[in-house]
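Hi,

Here is the model I said I would pass on.

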Amino acid sequence: MSEFHWGHALLLFLALFALYSPIAALSSYLPYMEGYTPKEQLKLSFGLFCNVTILMLLALWVGEPLLELLGISTAALSVTGGIALILAAVPMMTGSGSSPPVPNGTKAARGPNAPWRSIVFTPLTFPLTFGGTTFGFFVAYRADVAGWKAGTAMTVAGFAYAAVTGITLYLSGHLVRRVSASTAAILDRVAGILLTAIAVTLIASGGTRLVDDVLNAL
């Protein structure tokens with residue numbers, strides 16, 4: 001039975017890893033890490049790990065009854081995350097949210113960044129890293145098994161997923177310090193396109209499920 005629990009936990013981790021896609025997430029994080037010191041980037045990475053861990057524990061242990069109590073569905077969370085993400089992504093895609101590079105290729109002067117704590121939850125944690133779909137994954141996999149042993153195995157998988165997200169964010173901080181201004185501008189545009197596509201997907205999938213829920217309730 002214990003082997004079944006750990007096998008199920010491994011499947012959960014692999015599903016989350018595929019959904020998260022560290023390579024895609026790496027480029028998505030780049031615009032947000034620019035301008036912060038290495039120490040602040042480390043704090044952001046650890047903050048993301050802590051936030052994902054807390055949300056993971058909530059989803060695994062009280063996710064289903066909590067959603068029922070609040071009357072919120074994972075589909076509604078997906079739509080909300082998509083709206084929040086598209087508001088941040090469109091300025092990146094159009095280039096209106098970043099400073100142009102100066103002629104010699106060095107980075108143009110920028111105003112002071114917002115405090116790192118102001119971005120660690122939104123948008124870094126929600127919706128970039130942990131959205132309604134991720135929450136739903138934890139709730140669904142936990143519902144398939146019972147007992148504290150299964151919950152423990154799922155929790156270990158959740159900690160591994162949280163560690164992957166923190167490490168990915170930390171690596172994006174290293175990468176953003178090593179690119180030129182023109183490359184950074186291109187990466188901003190690419191990240192904006194990617195994030196906009198993710199946002200549209202979240203809104204479309206979440207909206208479809210919301211409509212299905214309403215129709216099924218009739």
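Predicted model: local features only at pLDDT ≥ 70, side-chain atom pairs only at ≥ 80, totals over all residues.

Before anything else, one term: when I say two residues are in contact, touch or meet, I mean heavy atoms within 4.5 Å. Helices are DSSP runs of H or I with at least four residues, strands are runs of E with at least two, and both are numbered from the N terminus.

Residues are numbered from 1 along each chain as its sequence is written, and side-chain values use heavy atoms, with hydrogens and water left out.

The overall picture

The protein has 8 helices and 0 strands, so the order of elements from the N terminus is simply α-α-α-α-α-α-α-α. Of its 218 residues, 42% count as buried. Here buried means under 20% relative accessible area, exposed means over 50%, and partly exposed is in between (1.4 Å probe, protein chains only). The accessible surface comes to about 11,200 Å², and carbon and sulfur atoms hold 72% of that; these areas come from the Shrake-Rupley method with a 1.4 Å probe, and for residues only the protein chains shown count as cover. Among contacts with a separation of 6 or more, 91% are between residues 24 or more positions apart.

α6 against α7

Helix α6 covers residues 132–143, and helix α7 covers residues 148–176. The two pack at an angle of about 155°, with their axes 10 Å apart. That makes α6 roughly antiparallel to α7. For the geometry, axes are lines fitted to C-alpha atoms (for helices, over the stretch in contact), and angles run from 0 to 180 degrees between N-to-C directions. Angles under 35 degrees count as roughly parallel, over 145 as roughly antiparallel, 65 to 115 as roughly perpendicular, and the rest as oblique.

Which residues do the meeting here? From α6 they are Thr-134, Phe-138, Tyr-141 and Arg-142, and from α7 they are Ala-150, Gly-151, Met-154, Gly-158 and Tyr-161.

Arg-142 deserves a click. This arginine is buried, with a relative accessible area of 14%. A polar atom of its side chain lies 3.3 Å from the backbone oxygen of Gly-147. That is within the limit for a polar contact: a pair of N or O atoms within 3.5 Å where, within protein, one must be able to donate a hydrogen and the other to accept it, and residues adjacent in sequence count only if both atoms are side-chain atoms. Leaving aside neighbours within four places in sequence, Arg-142 also has Leu-60 and Trp-61 among its contacts.

α2 against α5

Helix α2 (22–33) and helix α5 (residues 117–129) pack at about 165°, with their axes 12 Å apart. That makes α2 roughly antiparallel to α5, and this crossing is right-handed. Ser-28, Tyr-29 and Tyr-32 in α2 meet a set in α5 that includes Ile-119, Pro-123 and Leu-128.

A cis peptide bond joins Thr-122 and Pro-123, with omega about 10°.

Single residues to look up

- Gln-41 is in helix α3 and counts as buried at 2% relative accessibility. A polar atom of its side chain lies 3.0 Å from the backbone oxygen of Met-33. Beyond four places in sequence, Gln-41 touches residues including Tyr-36, His-174 and Arg-177.
- Phe-46 is also in α3 (residues 38–70), but this one is exposed, at 55% relative accessible area.
- Ser-78 is in helix α4 (residues 74–94) and is buried at 0% relative accessibility. Among the residues touching Ser-78 are Gly-132, Leu-202 and Arg-209.
- Ser-21 has a positive phi of about 55° although it is not a glycine. Ser-21 sits in the loop between α1 and α2 and is partly exposed, with a relative accessible area of 28%.

Cheers

Note on methods. Left-handed = near helix turned anticlockwise from the far one by under 90°.
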